[in-house]
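Biologist: I am new to this structure. Could you take me through the model?

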Amino acid sequence: GYPAPPEWANPDFSHVDQPVVAVNWVEADHYCRWFSQVSGRNYRLPAEAEWEKAAQGGRPQRADRRGLQ
């Protein structure tokens with residue numbers, strides 16, 4: 001098996017109503033594959049471009065750090 005995640009026993013991070021923490025990309029990808037199999041639907045992590053677009057929160061992409069378009 002795998003070792004427990006670093007914050008597994010920490011009560012500040014292990015409440016059932018809180019999101020998952022201390023999970024790396026490989027673990028999250030494995031979960032998506034597993035959940036896809038058991039649910040019969042397709043789940044995956046977003047591609048980098050999808051993540052970047054979502055992180056912008058609907059704002060138009062800026063050309064540089066100064067905000068020039």
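Modeller: The answers below go from the whole chain to its helices, rings and salt bridges.

Biologist: Where does the model come from, and how many helices and strands are in the protein chain?

Modeller: This is a predicted model. The protein chain has two helices and zero strands.

Biologist: What share of the residues counts as buried?

Modeller: Of the 69 residues in the protein chain, 6% count as buried. The accessible surface of the chain is about 6,700 Å², and carbon and sulfur atoms account for 55% of that surface.

Biologist: Which residues make a nonpolar surface patch?

Modeller: Tyr31, Trp34 and Val38 make a nonpolar surface patch of about 340 Å². Tyr31 belongs to helix H1, which covers residues 25–39.

Biologist: How many aromatic pairs are there?

Modeller: The count comes to four aromatic pairs. One of them joins Tyr31 and Trp34, with 5.5 Å from centre to centre and 45° between the planes, and this pair is tilted.

Biologist: Why are Tyr31 and Trp34 separated by about one helical turn?

Modeller: The two are separated by about one helical turn because Tyr31 and Trp34 are three residues apart in helix H1. An α-helix has 3.6 residues a turn, so residues three or four places apart point the same way.

Biologist: How accessible are Tyr31 and Trp34?

Modeller: Tyr31 counts as partly exposed, because its relative accessibility is 47%. Trp34 is also partly exposed, at a relative accessible area of 46%.

Biologist: What about the rings of Trp34 and Phe35?

Modeller: Their centres are 6.1 Å apart and their planes are at 40°, so the pair of Trp34 and Phe35 is tilted. Phe35 is partly exposed, with a relative accessible area of 28%.

Biologist: Which residues do ring pairs link into a cluster?

Modeller: The cluster linked by ring pairs holds Tyr31, Trp34, Phe35 and Tyr43.

Biologist: Staying with helix H1, is Ser36 buried or exposed?

Modeller: Ser36, which lies in helix H1, counts as buried because its relative accessibility is 14%, and the cut-off for buried is under 20%.

Biologist: And what does Ser36 touch?

Modeller: Leaving aside residues up to four places away in sequence, Ser36 touches Arg41, Asn42 and Tyr43. Of these, Tyr43 is also a member of the ring cluster.

Biologist: Changing topic, how many salt bridges are found in the whole structure?

Modeller: A search of the whole structure finds two salt bridges. In one of them the side chains of Arg33 and Asp29 meet, at 3.0 Å from N to O.

Biologist: How far apart are Arg33 and Asp29 in helix H1?

Modeller: Arg33 and Asp29 are four residues apart in helix H1, so about one helical turn separates them. Arg33 is exposed, with a relative accessible area of 56%, whereas Asp29 is buried, with a relative accessible area of 13%.

Biologist: Which residue forms a salt bridge with Glu50?

Modeller: Arg44 does, and the closest N and O atoms of Arg44 and Glu50 are 2.8 Å apart. Arg44 is exposed, at a relative accessible area of 51%, while Glu50 is partly exposed, at 35%.

Biologist: Last topic: how many residues of helix H2 are buried?

Modeller: Helix H2 has eight residues, 48–55, and the number buried is zero, so H2 lies largely in the open.

Biologist: What follows H2?

Modeller: H2 is followed by Gly57, which has a positive phi, near 65°.

Definitions and conventions
Residues are numbered from 1 along each chain as its sequence is written. This is a predicted model: local features need pLDDT of at least 70, side-chain atom pairs count only at pLDDT 80 or more; totals for chains, interfaces and linings use all residues. Side-chain values use heavy atoms; hydrogens and water are left out. Buried means under 20% relative accessible area, exposed over 50%, partly exposed in between (1.4 Å probe, protein chains only). Accessible areas come from the Shrake-Rupley method with a 1.4 Å probe; for residues, only the protein chains shown count as cover. Patches are made of residues with over 30% relative accessible area and no salt bridge: like charges are joined within 9 Å, nonpolar side chains (Val, Leu, Ile, Met, Phe, Trp, Tyr) within 5 Å. A salt bridge is a side-chain nitrogen of Lys or Arg within 4 Å of a carboxyl oxygen of Asp or Glu. Contact means heavy atoms within 4.5 Å. Rings of Phe, Tyr and Trp (its six-membered ring) pair if their centres lie within 6.5 Å; planes under 30 degrees apart count as stacked, over 60 as edge-to-face and the rest as tilted.
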